[in-house]
Amino acid sequence: MPSRDRRDVPRREAIADWLFTTNSTRTGVVWLAATFLFFVFGGYYALQMRGELIAPGETIMGPDRYAQLFSLHGTFMAFFFAVPVFFGFASIVVPRALGVTNVAFPRLNSLDLWLILVGALTLEVGYFLGQRPEAGWTSYVPLSLEPYLQGLGEDWWVWGIFMETFGTLLASINFIATILHKRPPTMLLRRMPIFVWSMLLTSILVIVAAPFLLTALSLLFLDRNFGTAFYDPTSLRAVLMWQDLFWFYSHPATYVMLLPAFGIVSAILARFSGRPLFSYGLIVLGSVGVTLFSFFLWWHHMFTTTIDMRAQAFASFNTMAVSVFSGIVVFTWLASLWRGRIRFTTPMLFALGIILMFTVGGANGVFMGYVPLDWYLHDTYWLVAHFHYIIFGSTVLGTLAAIYYWFPLALHRQLDERLGKWHFWLTIVGMNLAFFPMHFLGMDGMRRRVWDYDPSLTGWNVVITVGAFVIAAATLLFLANIALTLWRGQHVGDEVWGPTTIGPAGATPADAEPEASERPEGA
Amino acid sequence: MASIHIQAEEVEKDARTFAPAVVAVGLVLFSVVVTVWPRWSWLPILVVLAGLALWARESIARRVVVRRIEEVHAGHELAPWEVPTVWWFGGAGFAFAQLVFYLVALRVLHAHGLLEAGAAWPEGLGILRGLHGISMTVLMLASAAAAAWAVRDARSDGRGARVRIAMGIALALGLAFLALSALQFVRLAGAGVVPAGDGRLSAVYWALGLHAFFATAGVAALAFVFARHLAGHVPPQRAGPVAVVAAWWITLSVGWILVYLTVYLHALVFPFEIV
């Protein structure tokens, strides 16, 4: 007789099953959806800024609103998209790569997601209530102190970032515990998939650096609301302490945005280049080197302050040194492509785009690592070009590559390849239209975060604005692709990209050897 | 038997959990309330505590079920080395992060010139010297030693009386430390030594307050694990939660040494200035 037990009847999934769950795949999917939504918010603010900058003088807004927009744009892009996004992928991929059912602390994983959600919500609610930050995403003192920026916008900015950073810190602890403890006994560290390596190194970065930012934010909040004087404006050393604490986190945070993209590119190249990775060991070495050196660079954001020249020299040297390690990674990728039978799938196109765009961003960054040159270029549009090439070129393209690559793994559907290729080309064109001319503006001396500029710089500003709207169009195309796939896409298996001898995280040591290796347990 | 397996699938693969959302909502409410209606700040703190209590309840229920499943699958009572101890790594991660906070606190002290040789420390901090500081140091180190003893016993005899005694001693000493910590703030405030408008005193209060905050969290965690042991709810040979709390407590003692050397004895000096 058929069972009448109601537990045998499959229950329809509700939204609550995705939002309030210990399932790491579902948490990861919601995490990615949320961080991508914050990317869209950040892009929306950027489009408004570019609308203002399409012509000199006041176009569509005044300077106060412009200040709010660049603050929100940077905050959403850096803190609510670029830093946390790869933890969403890790939530989906890392357990599977290790052959386990879940992360070490599933509820902590859920808390991390919720902290990022409520952190962003704090800022968005403030936006609609007219309580907006105005001191940029870096919020330097003394401008961000209470006598100069009154109202709740700055306080809610502090809390929003605090919760996001705290959530990322907890996520790092979770993934360190998962990777170090829950992997099978046969999976030694030197046999881990590269994406897992990159998440381990990323987590180590966050766990060391995040307390600095959390402290800086706490002190700012106390100064603004409880009369303390941590950032005493009459003391140069106290004022510079904010920059010291902020950048000690935020510079390694740029590698939090980068390292997982390295892992993703490695995984994709291993799958679609038609030959094994040139060297697993070199990629790991490069990633470890980048991780170590990232802690000694933060003073290069302060070359134009009064810090000791020895500190400037130290930071300059390390800035050059870290590029050696990232160069090792890039050249290993290139060697992995050499004489390969490349399949130009959408993920592969994005991976190739990352290699190119990251190289451009790395090259223009080396210019700024040279102290005398930085004294001229600091806080100009050259700097804006640099970090957009690095972050957009690595984090955004890396996110898109990973979505196309792992969409079948998470949701058992494959995004449309033709739309994907259109998306890729529109993105690359838009990105270079938007960010390359910024080099010229920077050399001509146009400052960042300015609402007005010399009319002689109008031409390039128009080009940049057009590029921004091309990126927006590409993003809309991508969202349409996702919607169509979820609505009408056919179910596919894990091997949609072809037969594999490697786990879903890709790029294991086996990919660097001609012989196939056994799959990780449970992958 | 069948019901345990069905529960096992739900527990291991996918379970509803509202606790993280409650905690996060409590935190965002706190961020709004503390800036708009400060005297009602205690309300969202209650929400956060409720979320943490719900978390504890869900976790305990889950561990009990998973533990039974593990024993059923293994066919025998599990030895310590067979029991997953991700708690060790999680505890080490939390402890390490705590340690970094103390190093940052030193940076804050340095920014206000308090770590230079011959630095001019604020007036009125003499309250912290002498017996008060020494007592707190003795209590902290003894409590950490008791916590370490508890871990050693938990690994060899998880359900034994020695674990409860060790944890009880650690908890009692920790509570005494917290009491002295609160007393020192009362004495400082009573003497008018408050941080308002003074960068140096702000830095001192930050270092002391940070440690007191972590100590409060440590005492709460220790009390929770101790209560679980007393009620007999901890399965045998399960050293994980005790190890987490002990790691936190030992890091607290390291942090206390740093705070004591700087704020109480003014003995920690950085010889160079960069900024």
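Four salt bridges link chain B and chain A in this predicted model. One of them joins the side chains of A:Asp17 and B:Arg16, with 2.9 Å from N to O.

**Where the two chains meet**

- On the chain B side, the elements that give two or more residues to the contact with chain A are helices H1 (2-13), H2 (19-36), H3 (42-74), H4 (86-111) and H7 (199-230) of chain B.
- H4(B) gives the most to this side, with 15 residues.
- By residue type, the side of chain B that touches chain A divides into 33 nonpolar, 13 polar and ten charged residues.
- The contact takes 56 residues from chain B, and chain A brings 58 residues to it.
- About 5,100 Å² of area is buried between chain B and chain A, and carbon and sulfur atoms give 71% of that area.
- Between chain B and chain A, ten residue pairs are in polar contact, counting pairs with both residues at pLDDT 80 or more.

**Aromatic residues**

- Over all chains, a search of the whole structure finds 64 aromatic pairs.
- One of these is the pair of B:Trp40 and B:Trp42, with ring centres 5.9 Å apart and 35 degrees between the planes.
- B:Trp40 is partly exposed because its relative accessibility is 45%, a value between the 20% and 50% cut-offs.
- B:Trp42 is likewise partly exposed, with 44% relative accessibility.
- In chain A, one aromatic cluster is formed by A:Phe36, A:Phe39, A:Phe81, A:Phe350, A:Tyr404, A:Phe424, A:Trp425 and A:Phe478.

**A closer look at A:Thr465**

- You will find A:Thr465 in helix H16 of chain A, which covers residues 458-488.
- A:Thr465 counts as buried because its relative accessibility is 3%, and buried means under 20%.
- The side chain of A:Thr465 reaches the backbone oxygen of A:Arg50 at 3.2 Å.
- Leaving aside residues up to four places away in sequence, A:Thr465 touches A:Arg50, A:Leu53 and A:Ile54.

Definitions and conventions:
Residues numbered from 1 in each chain as written. Chains lettered and ligands numbered in written order. Predicted model: local features only at pLDDT ≥ 70, side-chain atom pairs only at ≥ 80, totals over all residues. Heavy atoms only, no water. Contact = heavy atoms within 4.5 Å. Buried area = accessible area lost by both parts, 1.4 Å probe. Polar contact = N/O pair within 3.5 Å; in protein donor to acceptor, adjacent residues only side chain to side chain. Helix = DSSP H or I, 4+ residues; strand = E, 2+ residues; numbered from the N terminus. Nonpolar A, V, L, I, M, F, W, Y, C, P; charged D, E, K, R; others polar. Phe/Tyr/Trp six-rings, centres within 6.5 Å; stacked < 30°, edge-to-face > 60°. Buried < 20%, exposed > 50% of the residue type's maximum accessible area, 1.4 Å probe, protein only.
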